[in-house]
Amino acid sequence: MEHKFARQKAPLRIAVIKEKTLRASMASIRQAEIEGAQAIDLHLSQLPISDVTTEKLRAVVAMSHKPIMALQYNWDLCGGQLDFTDTARVNQLLAAAAAGVACVDVQGHTFSAQDTRDSLAGMHFSFAEKLPCEITADPKVISQQTELIQAFHNMGTDVLMSAHIGVNLNCKEMVELVEFLLQRDMDIVKIVGICDTDEQLAEYCKTVLTLKTTFPNKDIHYHCNGAKGPITR
């Protein structure tokens, strides 16, 4: 498969587009490209449902000179929960893929309850003890996610799997988590953790270097929220 979003040379400057209409989205994409954006994040949840169709999204893909990744995080502009079902969210991503976007973001809790932590109970992995959010260990859900990723690959679309884990993981825990996720055969892993102290920041730096050497042929994006989070970005 020809990767249009994954396997890019770092650093990759990506413009995040969260507009209320396709017209406004297209204008923001064009402005972002003028200002040097190398790729586009298009948040579908902000758009009217009637606009998130293959036919209408084709116009956005056609006018952009940069690869687009479609996201459906089920959040409003303030981070509040919206009421999309997982089926509706996945269907929007499939419509975007059919329209020609280069990549889609499949969240780690897709096809499972929003709170996936119960599924981690009893796991032998070290990261499970800290109960990271958006990480499912349910075999049935993992199978569904793997099949969905393959469906996107069959459409020629890269897949990023994201997880906002809400906890701080040390180096060993993060390496085990990434290895666990990579079994689903996505193209990019994106983890957003927590980093509040200088000690956690030092461990974060060690983790980034370890991920590079442990998975040299994989695209892994790891940054954090928290007091020291801006430094990791």
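Which strands does helix 5 lie across? I found helix 5 (residues 171–182) across strand 5, strand 6 and strand 7, running at about 145° to strand 6. Angles run from 0 to 180 degrees between N-to-C directions, with axes fitted to C-alpha atoms, for helices over the stretch in contact. Helices (H or I, at least four residues) and strands (E, at least two) are DSSP runs, numbered from the N terminus.

I note that this is a predicted model: local features need pLDDT of at least 70, side-chain atom pairs count only at pLDDT 80 or more, and totals for chains, interfaces and linings use all residues. Residues are numbered from 1 along each chain as its sequence is written, and side-chain values use heavy atoms, leaving out hydrogens and water.

Seven strands form an open sheet in the order 1-2-3-4-5-6-7, with parallel pairing (at least two DSSP bridges between two strands). Strand 1 (14–17) and strand 7 (219–225) each have a single partner strand, so one side of each lacks a neighbour in the sheet.

Then I went to helix 4 (residues 139–154). Its buried residues (under 20% relative accessible area, 1.4 Å probe, protein chains only; exposed is over 50%, partly exposed in between) include Val141, Leu148 and Phe152. The exposed residues Pro139, Lys140, Glu147 and Asn154 sit on the face turned away from the buried side. The buried residues pack against helix 3 (86–99), strand 4 (103–107), strand 5 and helix 5 (contact means heavy atoms within 4.5 Å).

Last, I checked just after helix 4, where Gly156 takes a positive phi of about 80°.

Methods
The expected span of a helix is 1.5 Å times one less than its number of residues.
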